[in-house]
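Please keep the viewer open as you read.

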Amino acid sequence: MKVEGLNIHPLKSGRAIPVESATIRIDGLAGDRRYMIVEPDGRFITQRELQALARVEATAVGESLHLEMEGRQIFASFEPDDRLDVTIWDSPVSAAVADEAVNETLSDWFARPVKLVHMDALALRAEGEDWAGSPAPVGFADGFPVLVTTTGSLADLNRTLAAKGQEPVGMDRFRTNILVTCDEPWAEDLWEGIEINGITFDFVKPCARCIMTTQDQMTGERIGGNPIQGLAEKRMSADRRVPGVLFGWNAVPRGEGEIRLGDTVRVTKTRTERWPMKIRA
């Protein structure tokens with residue numbers, strides 16, 4: 001098995017950036033989900049409620065961020081002393097906040113009041129103790145540092161969608177960090193861990209999918225094949241701890257270093273049982 005794809009998402013819910021190599025840190029891929037759009041009170045915003053985020057391309061330039069949306073551009077910088085208490089689900093973080101002029105421009109872009117925040121060196125967040133054994137450092141991702149998916153599982157999902165008369169979907173719908181070539185569908189359910197270029201990744205929790213997977217990742221429109229309907233055929237979780245349909249696994253790096261496209265992926269540990277799924281009548 002090989003690394004088929006690597007992606008970072010500098011802005012949470014913004015466009016993915018494919019990369020040929022990635023620096024792995026204990027809190028995930030360097031540069032992944034370090035910036036976020038929030039409500040004025042600090043609550044996080046994603047494509048779930050603001051589909052236009054799919055049209056935003058973000059590029060980190062040092063500690064600043066370049067944002068582009070439909071020909072409009074803006075540079076945002078951050079001062080460590082200017083901070084805002086933000087929340088991702090129930091997780092609080094003290095983040096650096098962009099200046100008021102930047103926030104006013106972004107509010108105009110999205111036609112609603114918003115602020116831009118940065119997970120800088122002073123921002124600390126650790127999640128997933130119940131799943132990872134100890135709290136895992138993480139940026140603005142929903143819950144874990146890395147998301148791993150496989151080519152075989154996407155192919156199987158697209159066969160299901162075809163049988164339902166729907167269009168195939170790309171892996172971009174699932175906003176993965178590491179895509180692994182694997183012909184066997186859902187083989188990853190039995191992996192407890194993988195190793196890439198000497199770095200181990202523990203698979204700690206399957207990833208429940210939401211309405212964002214139904215959205216085109218260039219326009220934000222809810223068009224094309226519907227992964228939720230396809231996954232409901234045989235990927236509906238039967239474990240109440242992770243309700244809903246599942247695709248991909250949340251992983252925690254147990255080391256740091258560099259990985260590249262084409263690197264060999266080796267399974268280090270396996271499970272004896274798959275995650276339980278509901279049987280559709």
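## About the model

This is a predicted model, in which local features need pLDDT of at least 70 and side-chain atom pairs count only at pLDDT 80 or more, while totals for chains, interfaces and linings use all residues. Residues are numbered from 1 along each chain as its sequence is written, and side-chain values use heavy atoms, with hydrogens and water left out.

## Two domains

The protein is divided into domain 1 (2-28 + 128-270) and domain 2 (34-124), with bounds that come from an automatic or database domain assignment. Their contact (heavy atoms within 4.5 Å) takes 27 residues from domain 1 and 25 residues from domain 2. The centres of the two domains, taken over C-alpha atoms, are 24 Å apart.

## The largest pocket

A pocket here is an open set of points on a 1 Å grid over the protein atoms alone, where a 1.4 Å probe fits, with protein on both sides within 12 Å along at least five of seven lines; lining residues have an atom within 4 Å of a point. The largest pocket has a volume of about 820 Å³, a volume being the space filled by probe spheres set on the points, which are joined across faces, edges and corners. Because both domain 1 and domain 2 give residues to its lining, the largest pocket lies between them.

Of its 38 lining residues, Arg 48, Trp 89, Asp 142, Gly 143 and Cys 207 lie nearest the centre. Strand β17 gives the most to this lining, with 4 residues. By class, the lining holds 16 nonpolar, 8 polar and 14 charged residues (nonpolar: Ala, Val, Leu, Ile, Met, Phe, Trp, Tyr, Cys and Pro; charged: Asp, Glu, Lys and Arg; polar: the others, Gly among them).

## The second largest pocket

The second largest pocket holds about 250 Å³ of space. It is lined by 16 residues, with Gly 31, Arg 34, Tyr 35, Ala 60 and His 118 nearest its centre. Domain 1 and domain 2 each supply at least three residues of this lining.

## Helix α3

Helices (H or I, at least four residues) and strands (E, at least two) are DSSP runs, numbered from the N terminus. The 13 residues of α3 (151-163) should span 18 Å at 1.5 Å a residue, and the end C-alpha atoms are 19 Å apart, which agrees; the expected span is 1.5 Å times one less than the number of residues.

After α3 comes Gly 165, whose phi is positive, near 75°.
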